[in-house]
Structure formats: structure tokens, C-alpha cells
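Subject: Structure for your files

Dear colleague,

Here is the structure I said I would pass on. My notes on it follow below.

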Amino acid sequence: MSSSAQFHAETRNLRSIIHPNIITPIDYFASKADMFLIYNYVTRGNLEEFILDKANRDFDFKLLHKIALDIALVIVHLHDQCVSRIIHSDVKPGNILLDNELNAYLSDFGYAASEMF
């Protein structure tokens with residue numbers, strides 16, 4: 001799939017999914033040279049950065065459990081509750097964004113596949 005087709009697929013997928021832990025685009029921009037999605041600013045960055053910054057805070061099992069549960073609920077929603085079920089295919093710490101209260105949001109649906117089953 002070309003990068004342009006992948007970008008438009010991601011945009012379509014994101015706009016069709018409603019769940020409190022899925023990052024929702026505000027808008028997007030596409031030209032021959034550039035393509036990007038515009039999201040609300042997520043203050044704490046992504047889970048990968050959060051994990052790498054562990055030296056600056058105490059280990060909090062309850063917090064890590066909450067983040068894992070947020071993402072698990074999104075995946076259940078995508079696989080079982082969407083009318084056209086969606087397989088994200090790229091769940092990784094860099095694609096999990098965290099807000100100021102450390103609520104987790106799944107992002108980057110570029111490789112997501114949608115199918116009826």
C-alpha cells in the first residue's frame with residue numbers, strides 16, 4: 001500500500017471509531033510532499049518515553065496496570081465491538097499516548113486492517 005493510501009486509510013479508520021481511549025484526529029493535511037494528522041496535544045508523550053524515564057519516578061504497579069487495561073479495552077473494542085472489526089497490527093509503546101492523568105490512548109492506525117467476520 002502506498003504511503004498516501006495508507007494515510008487516507010488511517011484517517012478513515014480513526015474517524016469511524018468511537019472509544020474513549022482511541023486518539024481522535026481533529027483534522028489532517030495532505031499534499032504531494034507532506035501528510036500529517038492533527039490531534040489534541042497529549043501532554044505526557046508516549047508509553048515508550050514514559051518507560052525510558054522510569055529513573056525519575058517510583059515504580060507504580062497500579063498505574064502500569066491502568067495503562068495496560070486502557071489499551072486492552074481498546075483492543076477488545078476494535079476486535080469485538082466495531083461493526084467492521086479492526087486489527088491494529090502495530091500496538092507498541094510508541095503508539096500508546098498518555099495524557100496528564102496518564103490515561104492511555106491508542107494511535108497510529110496506518111497498518112490497521114478492517115474486515116467483516
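A residue is called exposed when its relative accessible area is over 50%, and buried when that area is under 20%. The model is a predicted one, so please read what follows with that in mind.

Overall layout. The protein has 3 helices and 6 strands, arranged along the sequence as α-β-β-α-α-β-β-β-β. Of its 117 residues, 37% are buried. Among contacts with a separation of 6 or more, 59% join residues 24 or more positions apart. The accessible surface is about 7500 Å², and carbon and sulfur atoms account for 57% of that.

Helix α3. This helix covers residues 61-81. Its 21 residues should span 30 Å at 1.5 Å a residue, and the C-alpha atoms at its ends lie 29 Å apart, which agrees. Buried in α3 are Leu-63, Ile-67, Asp-70, Ile-71, Val-74, His-77 and Leu-78. Viewed down the helix axis, the buried residues of α3 fall within an arc of 110°, so they line one face. They pack against α2 (47-52), β3, β4 and β5 (104-106). On the face turned away from the buried side, α3 carries the exposed residues Phe-61, Lys-62, Asp-80 and Gln-81. Lys-62 also figures at the start of the helix, where a side-chain oxygen of Asp-60 comes to within 3.2 Å of the backbone nitrogen of Lys-62.

In soluble globular proteins, nonpolar side chains tend to be buried together. The largest nonpolar core here has 19 residues, and Phe-50, Ile-67, Leu-78 and Leu-98 have the most contacts inside it. At least two residues of this core come from each of α1 (3-16), α2, α3, β4 and β5. Helix α3 gives the largest share, 5 residues.

Asn-95. Which loop holds Asn-95? The one between β3 (85-87) and β4 (96-98). Is Asn-95 buried or exposed? Its relative accessibility is 6%, and the cut-off for buried is under 20%, so Asn-95 counts as buried. A polar atom of the Asn-95 side chain lies 2.8 Å from the backbone oxygen of Asp-90. Asp-90 is also among the contacts of Asn-95 when neighbours within four places in sequence are left aside; the others are His-88, Tyr-105, Leu-106, Ser-107 and Asp-108.

Regards

Definitions and conventions:
Residues numbered from 1 in each chain as written. Predicted model: local features only at pLDDT ≥ 70, side-chain atom pairs only at ≥ 80, totals over all residues. Heavy atoms only, no water. Helix = DSSP H or I, 4+ residues; strand = E, 2+ residues; numbered from the N terminus. Buried < 20%, exposed > 50% of the residue type's maximum accessible area, 1.4 Å probe, protein only. Polar contact = N/O pair within 3.5 Å; in protein donor to acceptor, adjacent residues only side chain to side chain. Contact = heavy atoms within 4.5 Å. Expected span 1.5 Å × (residues − 1). Arc of directions from axis to C-beta. Core = buried A, V, L, I, M, F, W, Y, C linked by side-chain atoms within 4.5 Å. Areas by Shrake-Rupley, 256 points an atom, 1.4 Å probe, with all protein chains shown as cover.
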